[in-house]
Amino acid sequence: MLDPIIAFFQRVFAAIGRGIGMVVAWLLWPFLAAHGWYRDRSWIIKGPILAVLVLLVIVYGQFIYRTQVWHAFDPAFVQAYKFEERTVPAGSPLPGEANRCQDLAVVMMSAALTDQNVNQNSWVSSTLLYKLGLFGLDWDTTPFMDNKASFQRGVNQVVRRTAIQLADNLGRVRGTSGINNDLQDARGNIQFDEGTWYFGTDPFGFKTPTPSYYRAAVESWNRFNTSLANCESVFDTRSDNLLQLLDGMASDLGNTSDILRRRSEEFNAGWFDTRADDRFWFAYGQLYAQYAILRATRADFGDVIRERNLTAIWTELELQLQASLRIRPAIISNGSEDGWIMPTHLATMGFYILRVRSNMVEIRAILDR
C-alpha cells in the first residue's frame with residue numbers, strides 16, 4: 001500500500017534533483033567554457049589574463065576587508081576619556097596650574113570620531129571600488145558592502161553639525177564678532193564632499209580625496225584644543241550655546257526619524273528591502289556620534305546643567321542613547337509592525353530616536369525659559 005506513495009516521492013525528489021543540477025550547470029557553464037578556452041591558449045595570452053585576475057582578487061579582497069572589518073567600533077568608547085572626573089567647565093583655569101585651562105571635550109570628541117572614520121578605518125564612500133559599484137549598480141541600492149559606509153556618514157553628519165556650532169557659537173564670546181581660525185578651518189574641511197576620490201565631476205580635474213580634508217579638520221581641532229589648554233583661546237559656557245547645540249541635534253534626529261518612518265511605511269519587504277540596512281546604519285551612526293558628543297557636552301557645560309537642574313533628565317537622555325546603541329541585528333529587516341516572522345528594525349530604531357529627541361526637546365525647553 002505504501003509502494004505507490006514511495007514511488008511518487010521518489011519521482012518528485014528525482015525531478016527536484018534534476019532541476020537543481022540544471023541550475024548548477026547553467027551557473028557553472030561560463031566558467032567551464034572560459035577554463036577550456038584558457039587551457040588551450042599559450043602563456044603569452046595566459047600570463048596577462050592571470051595577472052589581471054590576481055590583481056582583481058587582491059583589490060576586491062582589500063575592498064571587502066575595508067567594508068566588513070570595523071576597527072575601534074565601541075559605542076561606549078567615550079567612557080575611556082573619563083570626562084566625569086573633570087572639575088571645571090571648558091575654558092576655565094585649572095586649579096593649582098598656572099596658565100593652564102580646561103580643554104574642550106566636544107572638540108576632543110569631534111576629532112576622535114573623525115579619526116575613527118578616516119585614520120583607524122578607511123573612509124568607504126570615497127574609495128574607487130565603492131564608487132564603481134556592483135557592475136555599475138550603486139552599492140547603496142544593494143544589500144552588500146554598504147553598512148559601514150552608511151554608519152560613517154551618520155557619524156560624519158553629527159560631526160559636521162557640531163563643527164558649525166563650534167565655529168559660529170561655541171568658540172566665540174558673547175558680544176564679539178571674531179571667529180577662531182582653527183574652528184573655521186575645521187568647519188570648512190569637514191563639510192567637504194563625502195564621495196570624492198581623486199576626480200570630481202570634472203574627469204580632468206585632479207582633486208585631493210575626501211579623507212585628506214577630514215584629517216585636516218582633525219588637525220585644526222587639535223590645534224584649537226592645545227591653544228585653549230594654554231589659555232590662548234576662549235570658550236564661553238553659556239546656556240544659549242548649549243541650547244543651540246541641542247536644537248541642531250534634535251532637528252537632525254527629526255529628519256532621520258521621518259526618513260525611517262517613510263521607508264518603514266512604504267517598503268514593507270522584510271529581509272528583502274535592500275535599502276533598509278542603509279537607513280538603519282546611518283541612524284545608528286548618528287546616535288553613536290551624538291552619544292559621544294553629549295557625554296562631552298555634559299563635561300563642558302557642567303555648571304549650566306547643574307544650575308538649571310538638568311542632571312536627572314540629562315542622565316535619562318544618555319540612558320536612552322545607550323539603549324538605542326544596543327540594537328545591532330545581524331540582518332536588518334523592514335517588516336510590518338504587526339509581523340511575527342520578519343521584524344521591523346527600522347520602526348524600532350525610529351522609536352528610540354523619538355525618545356532621545358523628546359529628551360532633547362525637554363532640555364531645550366528648560367534652557368529657553
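Reader: Which helix gives the most residues to the lining of the largest pocket?
Author: α10 does, with four residues. Helices here are DSSP runs of H or I with at least four residues, numbered from the N terminus.

Reader: What kind of model is this?
Author: It is a predicted model, in which local features need pLDDT of at least 70 and side-chain atom pairs count only at pLDDT 80 or more, while totals for chains, interfaces and linings use all residues. Residues are numbered from 1 along each chain as its sequence is written, and side-chain values use heavy atoms, leaving out hydrogens and water.

Reader: How much space lies in the largest pocket?
Author: About 280 Å³, the space filled by probe spheres set on the grid points. A pocket is an open set of points on a 1 Å grid over the protein atoms alone where a 1.4 Å probe fits, with protein on both sides within 12 Å along at least five of seven lines; lining residues have an atom within 4 Å of a point.

Reader: Which residues are closest to the centre of the largest pocket?
Author: Phe 83, Glu 84, Arg 298, Ala 299 and Arg 306, out of 15 lining residues. Two or more lining residues come from each of α9 (276-300), α10 (302-307) and α11 (311-325).

Reader: And how does that lining divide by class?
Author: Into five nonpolar, three polar and seven charged residues. Asp, Glu, Lys and Arg count as charged, Ala, Val, Leu, Ile, Met, Phe, Trp, Tyr, Cys and Pro as nonpolar, and the others, Gly among them, as polar.

Reader: What about the second largest pocket?
Author: Its volume is about 210 Å³. Its lining has 14 residues, with Gln 68, Trp 70, Asn 147, Lys 148 and Trp 281 nearest the centre. Helices α2 (43-68), α5 (147-170) and α9 each supply at least two of the lining residues. By class, eight are nonpolar, three polar and three charged.

Reader: Changing topic, where is Asp 277, and what does it touch?
Author: Asp 277 lies in helix α9. Beyond residues up to four places away in sequence, Asp 277 touches Thr 142, Pro 143, Asp 146, Asn 147 and Ile 332, where contact means heavy atoms within 4.5 Å.

Reader: Is Val 107 buried or exposed?
Author: Val 107, in helix α3 (residues 105-118), is buried, at 1% relative accessible area (buried is under 20%, exposed over 50%, partly exposed in between, with a 1.4 Å probe and protein chains only).

Reader: Which residues are in contact with Val 107?
Author: Apart from neighbours within four places in sequence, they are Leu 166, Leu 183, Trp 221, Phe 224 and Asn 225.
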